[in-house]
Amino acid sequence: MTLAQDQTKPAGTGTERLADKAYAEILGRILSGVLPAGMVVPERRLTEDVGLSRSRIREALARLEGEGLLHRDRTGALSIRNVTLSDALHAAQLAQMLEPPLACVATDPDSIAALDALEARIAQTGPYGTVAENGFLRAVLELHGVLASGIRNPFAEPFVTMLWRGIAIYQVTVGHRASRAELDAAIGLTRALRGLPGATPEQATAAHLSQVRAGLLAGI
């Protein structure tokens, strides 16, 4: 499970699954910058591109609006929420308070293979191009999705998810480029969550979040 997927809805009817598909498609476009912050949601185009009915698209948009990723103005127009530097820093600060202690209970034997693959992907990105272009952002979202799902807490998990989605939208908007230290810290977190020698999950999570915050500030 990744932060670009819904982590709360169980499998349901065919209609519900179509709504989930629309939700995942639109969320992925927001987190990749295909639908950039501030853009008015192109409902008709989404209906055509995703290949689902307008009612399914509207259900997905209503969910995303409820999660705070979309903003409706006084005229009723729906747009992708703008995430400011202040918003992103606040999200990172909250993650720094919440994630490190929770990482101690987030180790999950079933996630070992996924973490192995994530380490390899992060190592291959290198500090070249923006985090959206080189795949680093998607890998980090997946990494924190593994951590969030490993927490196994119905209240903490969606909160962690929303914090990282906010950080991601800001990084995509400004064309963030990860430093070598940020890459290394993310790799360190994959290793700690697998129980490999070195930093504890709590220490590795704190180190990674410190580098994320430093990266946000470096863009000022």
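Guide: The largest cavity holds about 40 Å³ of space. A cavity here is a set of points on a 1 Å grid over the protein atoms alone where a 1.4 Å probe fits but cannot get out, and lining residues have an atom within 4 Å of a point. Grid points are joined across faces, edges and corners, and the volume is the space filled by probe spheres set on the points. Keep in mind that this is a predicted model: local features need pLDDT of at least 70, side-chain atom pairs count only at pLDDT 80 or more, and totals for chains, interfaces and linings use all residues. Residues are numbered from 1 along each chain as its sequence is written, and side-chain values use heavy atoms, with hydrogens and water left out.

Visitor: Which residues line the largest cavity?
Guide: Phe-136, Leu-137, Val-140, Trp-164, Gln-171, Glu-182 and Val-212. Helices α6 and α7 are the elements giving two or more residues to that lining, and α6 gives the most, with three. Helices are DSSP runs of H or I, at least four residues, numbered from the N terminus.

Visitor: And how big is the largest pocket?
Guide: About 290 Å³. A pocket is an open set of grid points with protein on both sides within 12 Å along at least five of seven lines. Its lining has 15 residues, and Val-83, Asp-87, Ala-91, Met-162 and Gly-166 lie nearest the centre.

Visitor: Which helix gives the most to that pocket lining?
Guide: α7, with five residues. Both α4 (85–103) and α7 (156–174) supply at least two.

Visitor: Switching topic: which residues have the most contacts inside the largest nonpolar core?
Guide: Ile-26, Ile-30, Leu-64, Leu-70, Phe-136 and Trp-164, in a core of 62 residues. Helix α6 (residues 136–151) gives the most to this core, with ten residues. A nonpolar core means buried Ala, Val, Leu, Ile, Met, Phe, Trp, Tyr and Cys residues joined through side-chain atoms within 4.5 Å. Buried is under 20% relative accessible area, exposed is over 50%, and partly exposed is in between (1.4 Å probe, protein chains only).

Visitor: What about α2, which of its residues are buried?
Guide: In α2 (residues 43–50) they are Leu-46, Thr-47 and Val-50. Seen down the helix axis, they fall within an arc of 105°, so they line one face of α2. That arc is taken from the directions from the helix axis to the C-beta atoms. Arg-44 and Glu-48 are exposed on the other side. After α2 comes Gly-51, with a positive phi near 80°.

Visitor: How many salt bridges are there?
Guide: The structure holds 14. The rule is a side-chain nitrogen of Lys or Arg within 4 Å of a carboxyl oxygen of Asp or Glu. Asp-20 and Arg-63 make one of them, at 2.8 Å from N to O. Asp-20 is in α1 (residues 14–32) and Arg-63 in α3 (residues 54–66), so the pair ties together parts 43 residues apart in sequence.

Visitor: Is Arg-63 buried or exposed?
Guide: Arg-63 counts as buried, at 19% relative accessibility.

Visitor: Where do Arg-191 and Glu-119 sit?
Guide: They form a salt bridge too, with the closest N and O atoms 3.6 Å apart. Arg-191 is in α8 (residues 180–193) and Glu-119 in α5 (residues 112–125), 72 residues apart.

Visitor: Which residues are linked in a network of salt bridges?
Guide: Glu-25, Arg-29, Arg-45 and Asp-49.
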